[in-house]
Amino acid sequence: MTSLPEATNKKLGLVIDLDICVGCHACATSCKEWNTSGYSGPLTDQDPYGKDPHGSWLNRVHSYEVVSETQSQTVHFPRSCLHCEEPDCVTVCPTGASYKREEDGIVLVNPDTCIGCKLCSWACPYGAREYDLDQGVMKKCTLCVDRIYNETLDEVDRVPACVRACPTGARHFGDLGDPTSDVSKLVEERSGYDLLPEFDYKPVNKYLPPRARKNGLAAADVKQEIPLSQPQQNSKSAMDLIFSWADKKLSR
Amino acid sequence: MHPSYSVIFFTTASGAGYGLLILLCLFGALGLIPVEPLFMFTSFSIALGLVTFGLISSTFHLGHPERAWRAFSQWKTSWLSREGGAAVVSFIPAVLLAFGWIFSVGDEQLWSFLSALTILAAIVTIYCTGMIYASLRTIRQWNLVLVPYVYLALGLATGAVLFQFLLILFGVNSGWSLGVTLFLLSVALVLKHLYWHSIDSLGTKYTAEAATGLWRLFGPSGKITPLDPPHSTPNFVMREMGFKVARKHALKLRLYSYLCLFLIPILMICVALLGVNWLSVIGGLIALGAVSIGVILERWLFFAEATHTVNVFYGMEAA
């Protein structure tokens, strides 16, 4: 049923640190890679090598310039399903294909019963749901439900693919319903916030705000600390030279 | 919002069908029109035909039309599900009533009862259609109390023009029906005018800075602009939710829908009031043609003028 559970045992979700995200899109591509053969797969593309390539992705990374009268700063902004506690995308679904799991709060679409009416995508202000033109059903972030409980994977890999792929550690996964969890503490410490709280969908995922850079000083500081003109060759050890020589030989 | 033609045809056709059904039941049960088998057969066929055609066309935009039956299950929370259920339920009293009137089966009391049930089910169905849109908090032009009533008024007004045309065609003169048609067209005009007035004066609800939460960085003076898009060509979200109609065109189209949907039909019904037979037929036909074009324009605009909140992530300053 598309009625929401009264409460969920856990509130699994992501915490995204906008202060250190470098906008490399590794989270988005590794999400696509994992999920195209996962629960929601395949994530099809249309005209992939043509002039108008597009397709279903469960995670998108925007890059914004935030400008004030005196400052300006680039902020990379990954956007995916927030696994809201009370989302309309679930309740508007006429078939029950869209549902929220009682055990962990993950919002999923059953690809076998979705009729592809797209109403859920209309109800979501975050643009988290994408219609798969080829499959005729809705696709959305599954929080890698097929990874996080997967005992055939090493324990370190039992996190969403985006979290595992992030090279800067800007993405964290955990139970946001447990105030003692690492993610909850992080949100507390860094004043993590909800996107569009006015909707009252109560997003589980939280965003950690970017911190303002020291205006104009940062670049100068970097220059002083690392003299870029210094030839790097001089600092190489004997081992480095051997590896470099081996690399050259093997590359031939 | 991208205007989907199957949804436009569905909502306008079924709206007119239910409107016609309501008026047939009302006039038939009150004895304002003679219950003549051929007239009833033609009228009920057209009304139920429009509703059926609408329902079927609504499945064309589905990714999996063969699974459409599943849409009846979630009436507890989903207006779309409620609409589907109400639409199917409305067929039961309507078909029974049509059978009773055409073949003179049953008595006045039964017919009145079935008429009341049909009217109720038709009103509930149109109301549910309107609520599918009105319940979406993401679209400020839809999330209004007025929306389901505009749907009801337009269904009744378009149905009334159709009803009036059928009456003229069958040579049934009913002073009541002309008055009722004029009244319903006027009510719809006032409600639609109020609707357009209110969406113009609404103002945007969410800015890009508020939606991303990035106002936190530099305070209220901070403005965000998109630097790099997440993808090189528009994705589903932009294609479905990012449809924009130029304000200039929208105003022109509004003018055409005022003209076709209200002014021409009202004028033509007044012509029919003169009581000249051939003039009434032509007037009725023009009114029907105009109202059909007008309501399709109106429904197209209902989608095209709707701005979805998600656009603020894609460069719209506010929605």
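## Basis of the description

Because the model is predicted, local features need pLDDT of at least 70 and side-chain atom pairs count only at pLDDT 80 or more, whereas totals for chains, interfaces and linings use all residues. Residues are numbered from 1 along each chain as its sequence is written, and chains are lettered from A and ligands numbered from 1 in the order in which they are written.

## Helix 1 and helix 5 of chain B

In chain B, helix 1 (residues 5-29) and helix 5 (residues 146-169) have axes that come within 7 Å and cross at roughly 70°; helices here are DSSP runs of H or I with at least four residues, strands are E runs of at least two, and both are numbered from the N terminus. Axes are lines fitted to C-alpha atoms, for helices over the stretch in contact, with angles from 0 to 180 degrees between N-to-C directions. The angle therefore makes helix 1 of chain B roughly perpendicular to helix 5 of chain B (65 to 115 degrees; under 35 is roughly parallel, over 145 roughly antiparallel, and the rest oblique).

The contact (C-beta atoms, placed from the backbone, within 7 Å) includes B:G15, B:G19 and B:L23 of helix 1 and B:G155, B:G159 and B:F163 of helix 5 of chain B. By class, this contact of helix 1 with helix 5 of chain B has 13 nonpolar, 5 polar and no charged residues, where Ala, Val, Leu, Ile, Met, Phe, Trp, Tyr, Cys and Pro count as nonpolar, Asp, Glu, Lys and Arg as charged, and the others, Gly among them, as polar.

## Helix 2 and helix 3 of chain B

Helix 2 (residues 37-58) and helix 3 (residues 79-102) of chain B pack with their axes 10 Å apart at an angle of about 165°, which means that helix 2 of chain B is roughly antiparallel to helix 3 of chain B. Among the residues in contact are B:F41, B:F44 and B:L48 of helix 2 and B:A94, B:A98 and B:W101 of helix 3 of chain B. The residues of this contact divide into 12 nonpolar, no polar and no charged.

## Chain A against chain B

Between the chains, 54 residues of chain A are in contact with 45 residues of chain B. Strand 4 of chain A gives the most to the side of chain A that touches chain B, with 8 residues, and that side has 29 nonpolar, 17 polar and 8 charged residues.

Strand 4 of chain A and strand 1 (residues 223-228) of chain B run antiparallel and are joined by 5 bridges (two strands pair if DSSP finds at least two bridges between them). Within strand 1 of chain B, B:D228 is the bridge partner of A:S63.

Methods: Contact = placed C-beta atoms within 7 Å.
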